[in-house]
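Here are my notes on the model you sent over. Have it open next to the text while you read.

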Amino acid sequence: MKIFIDSADIEQIREVAALGVVDGVTTNPSLVAKTGRSFEAALADICDAVDGPISAEVVSTEADGMIEEGRRLAGLHPNIVVKCPMTVDGLRATRVLSDEGIRVNVTLIFQPAQGLLAAKAGAAYVSPFVGRLDDIGEYGMGMVAALVEIFDNYDYPTEVLVASIRSPLHFVEAARMGAHVATCPPAVILQLVKHPLTDIGLERFLADWQKVPK
Ligand code: E4P
């Protein structure tokens, strides 16, 4: 399973990318707003820091505007993947952009049928938001299992990019279900590294090492 960083903060991205396990980055308008920087400046730094797919989201709500924005964003760097929302206009834009060879990540997926339509429109990735479904009392990961099964049934090349991940449990479940990508906030990726028994074990090894004659 590929690991993407879900952030637009260049310092966090550099810190996590240094682990050597990161394959790409996803951003969204809320994450970009948190940086206080311009979208283009943030994207340029992210593209320098990580050599992999970098999702950049359009903010137009009509297909023509999304297409124009998508072309402009894709022109900024070869690794840019254009993120379009799962709406009627978003699907139309996805079809046009993907026919032009621009990779599209269809975002804000909350049920498997939406993901299937996005795949049919040519999306390279679909982003099911698992945490936000959990927040309203639904089982978000169920949607991931369904999408993996559907894409496998019909050999769709579209990748299931699990988004809105809130914990290591989401990450592990995504991998067990065969999701192609998990995009995680930096804090979750750092949590994946940690286990208290690892820390205790290391402490004991180092203490015992002091007893070895030098
Ligand atoms: C990623 O592409 C999504 O925009 C992101 O994972 C949303 O996460 P949130 O639900 O924690 O905001």
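1. Ground rules. This is a predicted model, so local features need pLDDT of at least 70 and side-chain atom pairs count only at pLDDT 80 or more, while totals for chains, interfaces and linings use all residues. Residues are numbered from 1 along each chain as its sequence is written, and side-chain values use heavy atoms, with hydrogens and water left out.

2. Overall picture. The protein chain has 11 helices and eight strands; these are DSSP runs numbered from the N terminus, H or I over at least four residues for helices and E over at least two for strands. Its C-alpha atoms fill a box of roughly 75 × 40 × 30 Å along the principal axes. Accessible surface comes to about 10900 Å², with 56% of that belonging to carbon and sulfur atoms (Shrake-Rupley with a 1.4 Å probe; for residues, only the protein chains shown count as cover).

3. Of the 214 residues, 46% are buried. Buried here means under 20% relative accessible area, exposed means over 50%, and partly exposed is in between (1.4 Å probe, protein chains only). Take the contacts (heavy atoms within 4.5 Å) between residues at least 6 apart in sequence: 57% of them join residues at least 24 apart.

4. Strand β1. Four of the five residues in β1 (residues 2–6) are buried. β1 runs parallel to β2 (residues 24–26), joined by three bridges, and F4 stands opposite G24 in β2. From β1 the chain crosses through helix α1 (residues 10–17) to β2 in a right-handed β-α-β crossover. Pairing takes at least two DSSP bridges between the strands; right-handed means that, with the strands pointing away from the viewer, the path from the first strand over the helix to the second runs clockwise.

5. Strand β8. β1 also pairs with β8, in the parallel sense, over four bridges, with K2 opposite V181. β7 (residues 159–162) is parallel to β8 too, through two bridges, and V162 stands opposite A182. Together β7, helix α9 (residues 168–177) and β8 make a right-handed β-α-β unit.

6. Which residues cover the two faces of β8? In a regular strand the side chains alternate between the two faces of the sheet. Along β8 (residues 181–184), V181 and T183 are on one side and A182 and C184 on the other, and all of them are buried.

7. E57 lies in β3 (residues 54–57) and counts as buried because its relative accessible area is 12%. Leaving out residues up to four places away in sequence, E57 touches T27, N28, P29, F39, E69, L73, K83 and T107.

8. An arginine on α5. R95 is in helix α5 (residues 88–99) and is partly exposed at 35% relative accessibility.

9. Salt bridges. The count is 11, using a side-chain nitrogen of Lys or Arg within 4 Å of a carboxyl oxygen of Asp or Glu. One of them joins E100 and R71, at 2.5 Å from N to O. E100 is in the loop between α5 and β5 (104–109) and R71 in helix α4 (residues 63–76), so this pair ties together parts 29 residues apart in sequence. E100 is partly exposed at 39%, and R71 is partly exposed at 43%.

10. Two further pairs. D89 and R92 form a salt bridge with closest N and O atoms 3.7 Å apart; being three residues apart in α5, they are separated by about one helical turn. K194 and D199 form another, at 3.3 Å. K194 is exposed at 54%, whereas D199 is partly exposed at 37%.

11. A nonpolar surface patch. L19, V21, L190 and V193 make up a patch with about 310 Å² of accessible area together. Patch members have over 30% relative accessible area and no salt bridge; like charges are joined within 9 Å, nonpolar side chains (Val, Leu, Ile, Met, Phe, Trp, Tyr) within 5 Å. V193 sits in helix α10 (residues 186–193) and is exposed, at 53%.
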